[in-house]
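Here is a short briefing to read alongside the structure. Keep the sequence and the 3D view open and look up each part as we come to it.

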Amino acid sequence: MGDLTLYALAVFLTLTAPLAVGLLMGVDRKLTARMQNRVGPPLLQPFYDLFKLLGKERRLINPSQAYFALGYLLLEGTSLVVLAAQGDLLVVFFLSGAGSLFLVLGAFSARSPFSQMGAQRELLQILAYEPVFFLIIVSIGIQEHSFISRDMSQNLIVTLPLSLIALVAVLVIKLQKSPYDIAHAHTELVSGPLVEYSGPYLATVELARWAEIAVVFGILTLFWNDPEPVAALLGKMVLVFAALFTTLVIDNVTARLTRRRMVTFTLSFGIALVAANIIWNLYLGQGVGI
Amino acid sequence: MSRISTIPFGPQHPSFLEPLHLKLNLEEERVVSVELSQGYNHRGMEYAMEKDWKRDAFLSERVCGICSFHHGTTYCQTIEAIAGLQVPERALIIRTIMLELQRITSHTLTLGHIAEAVGYENLFMQFFREREEFMRLANLISGNRVHYSMNWPGGVRRDISPETAKELENKLDEMLPKLQMLDGVVRKDSTWLKRTKGIGVLTKEQATTWAVVGPVARASGIPYDVRLSGNAGYHLEGIRFEPVWREEGDCWARAMVRMDETLQSVDLIRQCLGQLRDGPLVAQFKGHPNGEGFSRNEAPRGELMYWIRAKGESKLDRVKIRTPAFVNIPPLAEMLPGCEFPDVPVIVVSVDPCVCCTDR
Amino acid sequence: MTDEAGVSTDPNVDLRAKLMKADRSGPSRLICIFPLDNADGTLDMIYMFQRKDEVIQYRYKVKEGAELDSISDLYKGAWNMEREAIDMFGIRFKGVPGGLFLMPETGIKAPLLKPKVPTVGSAQDVATEVKKDV
């Protein structure tokens, strides 16, 4: 693929991926509502909300909030560009992680008790899922002998099934679903780190969140790589929907657990899963060396 | 050297339906102390009810939205006690049916609210879905979903026709399996148990000192239920029940007491429908009440008491309403310190604070 | 209902003696504490308890504005009931602050007390007077 086509595709994917995630959020809310015996909002509701927020009054506690929100959006966007250009997965991971830190900083910059507590909980959430996420990417790197996403072979889902399950667990936390929707627990902390954001700044943070989720789903789609484009696209979509559906079902059959349990669960169970997968592949599978 | 931060669980908060202020002093997400502040919903109902005793049959219902029929019935019972009226049996049975129907709607609301506080939104939606059918039943019988307005001192104002009684029975048969499914979740679901067992314990001694009533007391090992003392239709032939009680005293016990009482109410309504005989609906009463009297009733939240002094004119001299939430909310000052911050909404909601009853 | 009524001995001494009697064989549960206004400068303080299956009332006549002992050391649940009596009737209890309901400083004090002269100076007239000031 020529360089120009590559860049055009990267730009196209970067611009459309957050919008696709927005549509996915709409599907999420509709499916959740149906599972709960309700009708639910229209499919395009997240877009209606985004446009409504853009038109609202601009109020800030201090200007740093706006800068941190913009920083969050730019970092996540850059991470998405790198992934869409089939670049280095480690770079994608670190940029995305830096972006989520900017969200936390933005919450810390506002001096309200709920915002401070929400920021601390968000940090704890990051502490819970990032090691697992990193280890999943390392497992991909070890298996493929490369971190460049262009070089992924097609049978990752067969060779790294436990990593896939751990990725679904990471997705549960990122999508703020029970049992681990700790930071944004609306019955305890109003909306956690986002409580002091409103209007266009909340829209910025929301868009950045869509980009962050697009990064995770992007890495999820790497698990299916078919040389034929139509089969590849279909397979990736099936994978995305299956993961989303699993998180929805888990959300609807659990209450919210405490943060201690979340950290204990991911740092023990999540890491154990991925480590088991790596060890199996290295020593008991093909016996490949690094 | 630890830092104490103060978080206002203010009058406006997503987990409270009604305005109540808690000032929590936290040390790293553990509650150290709490200051309760109420009075945001004080409307002066006791003063307003002194104006006209006939209007009060409807005004007393508006003290609370969720135990409204219990307020109305207790008021009418007090006037009947003062005037020495003998309420006909059919009216007593109809009152009992509506009291139990209101108890079901109130308990399903509280259980749904506890589920929401715990983060289990699906369970919250399911409880409200089942509750909707009971609201429609109430609408069928009385014409209203919330304030039934069926009471008058001396009896009831509306009748239950045989067709309505048949439909009520069919609907109860339809709803019972669904309530039993929800009972299974509340009893055994693992994440629910992790969030409610052992949280917010109120021991039996504390419950006695704080004079708590209702499901909160019965979950702490005090098996007292005002319905045993024979108010409304509970003393009639063919109506039998045992008070539901537990000993653990934590949030789970309070939720289980309410769930068991919901299933018990369905059974009680069936018993009442079997006892419905023909007869007059209201005992006639001329003139104005004169004297003092009080009456009690088991509202969904506990014991409700009305004490009235009347002087033989259309005004009343003194109306005292002792609502159950008034005595159930202060023990929070003892239940909250020592718990983690995420448990605060769960404990507060499990006590079932009806602030409009508390503040009147 | 048993009514041990109308005794005008000092409630501070008499009530405490009754509550501390060895006769508490079942849990004696506090139901309510509330005053009544007799419109002649005295209030009736009523203490309602439950003993086993019956409800008992202790009644005491006290002057308006008197100061009584609090029973919140025996029953913690009495604290809020006494605060309500302070707010609504202006009676006082030792060691108990008022302010249960968030009444404004410029509002009517003791709103449930009966007006002494029916037409002038009643609670309604006081309310309109306050409105004119603010």
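Among contacts in chain B between residues at least 6 apart in sequence, 73% join residues at least 24 apart; two residues are in contact if their C-beta atoms, placed from the backbone, lie within 7 Å. Please keep in mind that this is a predicted model, in which local features need pLDDT of at least 70 and side-chain atom pairs count only at pLDDT 80 or more, while totals for chains, interfaces and linings use all residues. Residues are numbered from 1 along each chain as its sequence is written, and chains are lettered from A and ligands numbered from 1 in the order in which they are written.

**Chain B as a whole**

- Chain B holds 14 helices and 8 strands; these are DSSP runs numbered from the N terminus, with helices being H or I of at least four residues and strands being E of at least two.
- The radius of gyration of chain B is 21 Å, close to the 21 Å from the globule rule for 360 residues, so chain B is as compact as a globular protein of that length. This radius is taken over C-alpha atoms, and the rule is 2.2 Å times the number of residues to the power 0.38.
- The C-alpha trace of chain B spans about 70 × 45 × 35 Å along its principal axes.
- Of the 360 residues in chain B, 53% are buried, meaning that 20 or more other C-beta atoms lie within 10 Å of the residue's own, with C-beta atoms placed from the backbone.

**A sheet in chain B**

- In chain B, 3 strands make an open sheet with antiparallel pairing, in the order β1-β2-β3; strands pair if DSSP finds at least two bridges between them.
- β1 (5-9) and β3 (30-37) of chain B are at the edges with a single partner strand each, so one side of each has no neighbour in the sheet.
- On average, neighbouring strands of this sheet are turned by 25 degrees against each other, direction ignored, using axes that are lines fitted to C-alpha atoms.
- β1(B) is joined to β2 (residues 21-27) of chain B by 5 bridges. Here B:Phe9 stands opposite B:Leu22, and B:Ser5 stands opposite B:Leu26.
- β2(B) and β3(B) pair over 7 bridges, with B:Ser33 as the bridge partner of B:Asn25.
- The hairpin of β2(B) and β3(B) has 2 residues between the strands, and B:Glu28 takes a positive phi near 55 degrees there.

**Where chains meet**

- Chain B has 21 residues in contact with 20 residues of chain A. β1, α4 (89-118), α5 (121-142) and α7 (190-196) of chain B each supply at least two residues of that side of chain B.
- That side of chain B has 10 nonpolar, 6 polar and 5 charged residues. Ala, Val, Leu, Ile, Met, Phe, Trp, Tyr, Cys and Pro count as nonpolar, Asp, Glu, Lys and Arg as charged, and the others, Gly among them, as polar.
- Chain C has 18 residues in contact with 21 residues of chain B. β2(C) gives the most to this side of chain C, with 6 residues.

**Two crossing helices in chain A**

- The axes of α1 (residues 3-35) and α9 (residues 199-221) of chain A come within 8 Å and cross at roughly 95 degrees.
- α1(A) and α9(A) are therefore roughly perpendicular to each other, a term for angles of 65 to 115 degrees.

Note on methods. Axes are lines fitted to C-alpha atoms, for helices over the stretch in contact, and angles run from 0 to 180 degrees between N-to-C directions. A residue is buried if 20 or more other C-beta atoms lie within 10 Å of its own, exposed if 12 or fewer, and partly exposed in between; C-beta atoms are placed from the backbone. Angles under 35 degrees count as roughly parallel, over 145 as roughly antiparallel, 65 to 115 as roughly perpendicular and the rest as oblique.
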